[in-house]
Amino acid sequence: MVEESINFKEQEKKLREFANANNLWVKSSDLGDYFNEGAEQAIYLNDNKFVVKTNSCNFFNYSWIDYLNNLILNNYFFPETAYELLGFIEIDGNLHSVVKQLYVIANEKTNLDLVRNQMAENGFLNIKGNDYYNPELGIIVEDLHDENVLTKDGNLYFIDTVFYIVDNLDFVPAKVVDIDKSILADKFAEGGEIGDNSGYYTIAKHKDIEKRTYNGEITI
């Protein structure tokens, strides 16, 4: 965990240097009108056509590499709601990204069966609830529920995706890609039971394991 902390600080240092060299600092006055915020990001309205989001990447295990990979993967799989990286901003002394995205107002309830069908067309297996895994690409995408996937005029809009590349997850051995239709926790917990082995492995479970390990509650 110490290595990760140092790595995160090094990533932030390089991003600040990059922002300085390329004039990528965004002023708070340019964000737009405050709309709302969640656990990982604040959202601003820009001319009612776009939203601007600030993100500290804490939802990505404090890895800017994972966060930036998420933007790239979202733009590849869902270009209609592509992110545009505007730059960076300091909020309370912490570095945040600033991205711009199409503002979508839903006019229908999202049918999660249609979400599953579209994900399947892209090679993703529904591993549990609203979480998906592409065994060929080694990618997990999480939280595709009806607040993160909106429906307008019969079309699905993926507005808030959380992609992870499996190889970037510290507690997921490479053997996870060999699992057929499901990723069961007891399939990879070779060192003994870690957390809840009753269900599927998800990013939420990974993050819980990482947090509990960092706090000394469990040892891996």
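**Salt bridges, sheet and buried residues in a predicted model**

Lys-109 forms a salt bridge with Asp-146, with 3.3 Å between the closest N and O atoms; a salt bridge is a side-chain nitrogen of Lys or Arg within 4 Å of a carboxyl oxygen of Asp or Glu. This pair connects distant parts of the chain, 37 residues apart: Lys-109 is in the loop between strand 5 and helix 3, and Asp-146 is in the loop between strand 8 and strand 9 (149-152). Helices (H or I, at least four residues) and strands (E, at least two) are DSSP runs, numbered from the N terminus. Lys-109 counts as exposed, at 70% relative accessibility, whereas Asp-146 is partly exposed at 33%. Buried means under 20% relative accessible area, exposed over 50%, and partly exposed in between (1.4 Å probe, protein chains only).

The model is predicted: local features need pLDDT of at least 70, side-chain atom pairs count only at pLDDT 80 or more, and totals for chains, interfaces and linings use all residues. Residues are numbered from 1 along each chain as its sequence is written, and side-chain values use heavy atoms, with hydrogens and water left out.

The whole structure holds five salt bridges. In one of them, the side chains of Glu-90 and Arg-16 meet at 2.6 Å, N to O. Here too the pair links distant parts of the chain, with Glu-90 in strand 4 and Arg-16 in helix 1 (residues 2-21), 74 residues apart. Glu-90 is partly exposed, at 37% relative accessibility, and Arg-16 is partly exposed at 21%. Glu-12 joins Arg-16 and Glu-90 in a network of salt bridges. Another salt bridge, between Arg-116 and Asp-113, has its closest N and O atoms 2.5 Å apart. Both residues lie in helix 3, three residues apart, about one turn of the helix. Arg-116 has a relative accessible area of 29% and is partly exposed; Asp-113 is partly exposed at 43%.

Strand 4 (residues 84-91) runs antiparallel to strand 5 (residues 94-102), and seven bridges join them. Two strands pair if DSSP finds at least two bridges between them. Two residues separate the strands of this hairpin, and Asp-92 in the turn has a positive phi of about 55°. Ile-91 stands opposite Asn-94 in strand 5.

An open sheet is built from four strands in the order 6-7-8-11, with antiparallel pairing. Its edge strands, each pairing on one side only, are strand 6 (125-128) and strand 11 (162-165). From one strand to the next the twist averages 30°. Strand 6 and strand 7 (residues 131-134) run antiparallel and are joined by three bridges; Asn-126 has Tyr-132 in strand 7 as its bridge partner.

Two helices lie against these strands. Helix 2 (residues 64-77) lies across strand 8 (139-142) and strand 11, at about 110° to strand 11. Helix 3 (residues 112-121) packs on the sheet and touches strand 6, strand 7 and strand 8, its direction making about 10° with that of strand 7. For these angles, axes are lines fitted to C-alpha atoms, for helices over the stretch in contact, and angles run from 0 to 180 degrees between N-to-C directions.

Phe-124 is in the loop between helix 3 and strand 6. Phe-124 counts as buried because its relative accessibility is 3%. Leaving aside neighbours within four places in sequence, its contacts (heavy atoms within 4.5 Å) include Phe-77, Met-119, Tyr-132, Val-141 and Phe-163.

Beyond four places in sequence, Tyr-157 touches several residues, among them Glu-80, Leu-102, Val-104 and Leu-150. Tyr-157 and Phe-78 are 79 residues apart in sequence and 7.8 Å apart in space, C-alpha to C-alpha.

pLDDT, the predictor's confidence in each residue from 0 to 100, averages 79 over the chain, and 73% of the residues score at least 70. Among the elements, strand 10 has the highest mean pLDDT (98) and helix 4 (residues 185-188) the lowest (37). Over residues 170-203 the pLDDT is below 50, and the model gives this stretch 58 contacts beyond near neighbours in sequence. Where pLDDT is low, the predicted coordinates should not be read in detail.
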